[in-house]
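Try each one before reading its solution.

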Amino acid sequence: MNNKELNWIYLFISHIKRDILINSRSLFDIVSIFGFMLLIIILFPMGIGPIQEKLDIVSNAVLWIGLIIAIIPSLEKMIQRDYTNGWLDQIATSPIPLEIVLLAKSISHWIIVIIPLIITSPIFAILLGLEFNQIPWLILSMSIGGLSICFIGIIGAALILGARRGNVLLPVIILPLIIPILIFGVGVNESIKIGLSPLPNLFLLIAFSLIYLVISPFISAILIRIAISR
Amino acid sequence: MLNLKNLNIYRGSRIVFSGLNAEIKTSTLTLIKGKNGSGKSTLLRTIAGLTPIEGGEINQNGVNIFHAKEQWVRKLIFIDNKNGLSDELTVRENLLTWVKIKGWDTNKENLVLALESVGMQKYMNFYISQCSDGLKKRAALARLYFSFFNEVDFWLLDEPTNALDHSSYLLLQSLLSKFIKMKGSILIASHDKKSLIKDYDTLDIDKLRNVKTI
Amino acid sequence: MINEFWFMDGYNIYIWPSYILTFFILIFLTFRSIYLSKKAKKMLKKLEELNS
Amino acid sequence: MFDWLANPNRFNRITNKIQPILLLASLITIILGLYFGLYDSPKDYQQGHAVRIMYVHVPSAWLASGLYLLLAISSIFYIVWKHPLADLMSRSTAPIGALFSLLTLATGSLWGKPMWGTWWVWDARLTSMLILFFFYLGYILLSNAFERKIDGSKSAAVLAIVGIINLPIIKFSVDWWHTLHQPSSLLKFDGPTIDGQMLLPLVLMIIGFCSFASYIIILNVKTKLIEKKCEALILKLNLNEISNIR
């Protein structure tokens, strides 16, 4: 039986399927992320008060901040489980390149965590009184922004692999890197409010996702090789 | 023949080996003996390419194994006490995904045969989180069966017999002797006194070490 | 002339604190580094005695 | 190119010569800068004496960003060429850089009060300095978050490299964000037309600050070198259980 020609696409997809299978078995994390997001969406109007004009100013920012804050706790688990149970050692001793696996991990995290949040984001948008024509743009910008947050997140998760209280450290390390995504993510909907076209912000968001798509597998692979040789 | 030429290996800032010279004969079983913390596992991890070498080199018949690391890594199976099994997946799924990343084809019969080789066919659909340590170790050892019809030269096993009961110990023995007959080489790090197969080579780390480290 | 120097027509409550803060930090940095350097040298000497 | 600086005693020999010069240079330039800045230079026609804070604010801002660049460069040396001294260099630059970015924020707000009437203004430069402080904080926390220092240094060095890649992106997006919400900022922040007489103290203070910072960094690197020798000695003597040595 000769070794089947290793096409990386097949390995990439099979690794995504594996990660989704693992995450779907522990649904508790995904439910807790919803809870987090809902909590933030509810807290802001409580603080700002029911007047719709005030909420309008803040609604986009609240949705995006909710998305970012809700994702951060789940980022750390992306690699932690596979590091402690030795799966990363197995990957390091197999012909599959580590970069493909890490790309698969961030995409599967995007599918498992961001897509459900985005599917339910219209409900959150209505809670905050967003107009209807803004919702499709919100979904588009959140999915692209969410993708680059996952790419940054995997770098952050790899940075704190093996650290003592690592999960306390993750927000401090990740938040400065997410600021551009927040600025242009909120910018997409804000420019609709002002009447400008949302495209420039959207294209910048796409540009960031592409930059992080290229950077993050290689940087996290370096970090994981450091962590494995610990 | 795998020979290690004045090898320097560090774990973080701690010097584990300095100037280690050794020969490991191939197509036999080599038992690495040594006290706890003497660096047995580190040596295995270094041969598996996980821990970087600070100085010296490891060659197999003259060729430095890490010059073509991808080929070297493809031809070895490394199992340590962490087993590399995901708790949320079942025994069968774990084995399936492992074979996929190794790049071998995964038809059904091989999977069932592999599980039978370690007596795990009854627990095929158990989640790893439900399994005991012994079952987990056997689920990991099921991977060894795939080396009989794929190109594998080296087994690197770190204390494989710890959690095994007597019947699975015998199953492991048959796997080992079958692999030796196929000219494969096995490296086992263990302080388990009873030997696994009749004739085996030993490599005592403490005698080899010429630099006193902690 | 002198009180004009101190008074800086009203801005002195902003200028002097910022200068004081700056030099507090510069001096703090200097003494901290010198203190650490002395401590490390002392420890090294003690260890070398033990070693010999 | 930097390999000849790699071995510690050559580094010590060179820096022993440079250190007193640096200290002397920084003392002279800072004292001269103070004299010209506080006493001899003219008031600004718009801000009056408040412009004198610039002589402290601008140098520390330059230093904060310059030190982060140094941090990133020494991290690259550490990760790519495994330069032993680079790690010590990064670990001693980070706290100093963090301190100077805090100083910039403090003097910035002290300068903002007389000019804009509020202690903090979400101006593009001040916000970027705040984010830079976050990067310093991330480096310092990450480098001490691991049991073994060597693991901490490696991860933190990679963070510094990721940081330097992201800083231009963040600078760009903060400027875009600033102009989007506040298109015309009336008072240009650093733009009091610096006439010749003001330039002199500013340049003097910048040189003074930079030489002072390099003096401190070299001193810290030497201390860390000695600490490294101590650790090696302790390891050799297996003395780690005798804690009274600490």
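**Exercise 1.** Classify A:Cys150 and D:Cys230: buried or exposed?

*Solution.* Keep in mind that this is a predicted model. Start with the cut-off: a residue is buried when its relative accessible area is under 20%. A:Cys150 comes out at 0%, so it's buried. D:Cys230 sits at 1%, so that one is buried too.

**Exercise 2.** How many disulfides turn up over all chains?

*Solution.* You'd look for cysteine sulfur atoms within 2.5 Å of each other. Searching the whole structure that way gives zero disulfides.

**Exercise 3.** In chain A, how do helix α2 (residues 28-48) and helix α6 (residues 98-119) pack?

*Solution.* Step one, the geometry: the axes are 10 Å apart and the angle is about 40 degrees. Step two, the label: roughly parallel needs an angle under 35 degrees, and roughly perpendicular runs from 65 to 115, so α2(A) and α6(A) are oblique to each other. Step three, the hand: α2(A) and α6(A) cross in a right-handed way. Step four, who touches whom: α2(A) brings A:Ile30, A:Ile33, A:Phe34 and A:Met37, while α6(A) answers with A:Ile112, A:Val113, A:Pro116 and A:Leu117. Sorted by class, that contact has eight nonpolar residues and no polar or charged ones.

**Exercise 4.** Which chains share the most contacts, and which pairs have no contact?

*Solution.* Four pairs of chains are in contact, and C and D share the most contacts. Chains A and C don't touch: their closest C-alpha atoms are 25 Å apart. Chains B and C have no contact either, with closest C-alpha atoms 16 Å apart.

Methods:
Residues numbered from 1 in each chain as written. Chains lettered and ligands numbered in written order. Predicted model: local features only at pLDDT ≥ 70, side-chain atom pairs only at ≥ 80, totals over all residues. Heavy atoms only, no water. Buried < 20%, exposed > 50% of the residue type's maximum accessible area, 1.4 Å probe, protein only. Axes fitted to C-alpha atoms, helices over the stretch in contact; angles between N-to-C directions. Helix = DSSP H or I, 4+ residues; strand = E, 2+ residues; numbered from the N terminus. Parallel < 35°, antiparallel > 145°, perpendicular 65-115°, else oblique. Left-handed = near helix turned anticlockwise from the far one by under 90°. Contact = heavy atoms within 4.5 Å. Nonpolar A, V, L, I, M, F, W, Y, C, P; charged D, E, K, R; others polar.
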